[in-house]
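Colleague: I am new to this one. Could you walk me through it, feature by feature?

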Amino acid sequence: MAYGGPSMNPPAMMTTGAVPGSGNLKQVKLERESELRIEVSEEPLRLRLVNGTAEIFGSELPPEIWRTFPPRLKFAVFTWYGATIEMDGVTETDYTADETPMVSYINVHAILDARRRLAKASTSNEPESSQGPRVIVVGPVDSGKSTLTKMLLSWAAKQGWKPTFVDLDVGQGSITIPGSIAATPIEMPLDPVEGFTLDMALVYYYGHITPSGSSSANIELYKTLVKELAQVLERQFVGNPESRAAGMVINTMGWIEGPGYELLLHAIDTFNASVVLVLGQEKLFSRLKDFLSRSKSNVDVVKLHKSGGVVARAREFRQSSRNSRIQEYFYGLSKELSPYANTSSFSDLQVFRIGGGPQAPMSALPIGSDRVSNPLRVTPVNIDNRDLLHSVLAVSYAEEPDQIVSSNVSGFVYVTEVDIPRKKITYLAPSPGTLPSKFLIAGSLSWLESTK
Ligand SMILES: Nc1ncnc2c1ncn2[C@@H]1O[C@H](COP(=O)(O)OP(=O)(O)OP(=O)(O)O)[C@@H](O)[C@H]1O
C-alpha cells in the first residue's frame, strides 16, 4: 500500500442545483462534434450539462449536476451528438470550436480497442499475442500529449478495460508530484478535476524537473528509473492477463530534440511500445517512422493533428502548476486536508542523493581515482545543516542504501524545520505515524509553502 498523498481521498466536488451562483449564468448550445473551450479565470467556474451528452477529455459529464472547476484550469467540453451547457461565473476565455481532431482520436481508440479484444481472446501461449497495445504519446511541448493520453485511457476504462497509465514527464508529475515517473492502473474514466488515486501507483523519484539542461539533472538516472519501472510492470503483466490485454498508454515529455529524442527512443524500446502516436510535428513523425521502420518492424507510428484548443503555457505558469501539484499532494485539491507534522531525530533518518562524483580537482584525488562522476552513486547527505529546509524528499522502499536506485518510493515528505542544536528535523507527511522507511531521497525539488 502506497504512502500516498491526500488526493487518495478526493473532496466532494459535485454540487447540485441549489448552490448559490455568481449571477453570471450563460448557456451554450453545442452542435454535434464541436467543443466549448474554456480557460477558467482566477475565480472557480461552475458548469453543468443541461441536455444532450458531452465529455471532458474522454470523461462523460453527468446530466444536470453542477461541477466546480478550479481557477486557471484549461479544458474543453466536447459533444459527439449535440448538447447544451450552462456556465456560472466569469471565464478568462470561452469559445466554441467545430474543427477538432476528435474523430481521428476516437478512431485510434477503436483500433486499440480491437487490439485489446484480440489480446484478450488469444489462446496462444505466445506472450506477444496476449499483450494488448502499448501506446506511447510523443510530441513537442504543448501539443496536447497529456490530454490525448487522458482521453485514450478514459475511453478504454469506459469500455471496462483497466489500462495502465505510465507518466514519464518529470516536469508535470500528473500521477503524483513533479520530479517523479509513475504508473497506475486506470479503472474508471478520469475525473477532469480530481487527481489520481495513489494507492495503486508505482512511483520512482528522480528528484529533478528535467532530465538534462540543469546542473543537477542526470540522464543516466532518468533512464535507469524508466527501465526499473518498465521491468516491474512487465513482471506484473505476467501474472495479470486482464491488465496485460488492456495494455498501457505512456505520456512523455515535450523534449524531442537531441538527448530528448534519444530518451524517446529509449522509452519506446524499454516499454516495447507497439504504437507511437506523434502529435503535432511532421519532422518528429518522419524521423521516428524512418528509424523505427528500419529497427522495429512491429511498431506503428501514427501522425495525429494537434487540437487548436491546446493552450501554450508560459514558464511561470508551469512553475506555478508544479507548486500546485506539490501543494495538492499534501493539502488536497481545495486545501481540505491537513498533512501531519512529524519530528524525528537526525539519527532516525538517513537522507541520500543519487549521482554526482568527486567534487575535488583531479590533483587532490588519490592516484587512480575516477574524476568522472557516477550518475548512479548513492551518497549520504549531511542533515546537520539547513540545506534540506523546504526540500521535498521521497520515502524509499529500499531496505538497504544500495537498493535505493532500484527501489520505488512510498510517498513524499516536505522538510519544514531543521533544528541543529536539538538535532531534530520536522517534516510534513500525508499520513500520521512513523515513515514506512528511514531512507529518504533528496533531489533538487523544493517548494516554498508560502507560494501556495
Ligand atoms: N481542446 C482543448 N480545449 C481547451 N484546452 C485544451 C484542449 N486540449 C488541451 N487543452 C489544455 O491545453 C493545455 C496543454 O495541453 P496538454 O497538457 O495536453 O499538452 P502537453 O503536450 O501534454 O503539454 P506538455 O508539453 O507540458 O507535456 C492543458 O492545460 C490542457 O488542459
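Colleague: How far apart do the C-alpha centres of domain 2 and domain 3 lie?

Modeller: Keep in mind that this is a predicted model. In it, those two centres, of domain 2 and domain 3, are 29 Å apart. The protein is divided into domain 1 (6-99), domain 2 (102-304) and domain 3 (339-451).

Colleague: How many residues of domain 2 and domain 3 are in contact?

Modeller: On the domain 2 side, 17 residues; on the domain 3 side, 16. Within domain 2, β14 (202-205) and α3 each give two or more residues to the side that touches domain 3. That side of domain 2 has nine nonpolar, six polar and two charged residues.

Colleague: How do I read a pair of packed helices?

Modeller: Two packed helices are described by the angle between their axes and the distance between the axes. Take helix α3 (residues 219-238) and helix α5 (residues 259-270). Their angle is about 20°, and their axes are 10 Å apart. Angles under 35 degrees count as roughly parallel, so α3 and α5 are roughly parallel to each other. Their crossing is right-handed.

Colleague: Which residues of α3 and α5 make the contact?

Modeller: From α3, I219, K223, V226, K227 and A230; from α5, P259, H266, A267 and T270. By class, these are five nonpolar, two polar and two charged.

Colleague: Where does the ligand lie, and why?

Modeller: The ligand's shell takes residues from both domain 1 and domain 2, so it lies between them. Of the 20 residues around the ligand, the nearest are A76, S146, T147, G254 and G309. Elements giving two or more residues to the shell are β3 (34-40), β8 (74-79) and α2 (145-158). The shell has five nonpolar, nine polar and six charged residues.

Terms used. Residues are numbered from 1 along each chain as its sequence is written. This is a predicted model: local features need pLDDT of at least 70, side-chain atom pairs count only at pLDDT 80 or more; totals for chains, interfaces and linings use all residues. Axes are lines fitted to C-alpha atoms, for helices over the stretch in contact, and angles run from 0 to 180 degrees between N-to-C directions. Helices (H or I, at least four residues) and strands (E, at least two) are DSSP runs, numbered from the N terminus. Angles under 35 degrees count as roughly parallel, over 145 as roughly antiparallel, 65 to 115 as roughly perpendicular and the rest as oblique. A crossing is left-handed if the near helix is turned anticlockwise from the far one by less than a right angle, and right-handed if clockwise. Two residues are in contact if their C-beta atoms, placed from the backbone, lie within 7 Å. Ala, Val, Leu, Ile, Met, Phe, Trp, Tyr, Cys and Pro count as nonpolar, Asp, Glu, Lys and Arg as charged, and the others, Gly among them, as polar. A residue is near a molecule or strand if its C-beta atom, placed from the backbone, lies within 6 Å of it. Domain bounds come from an automatic or database domain assignment.
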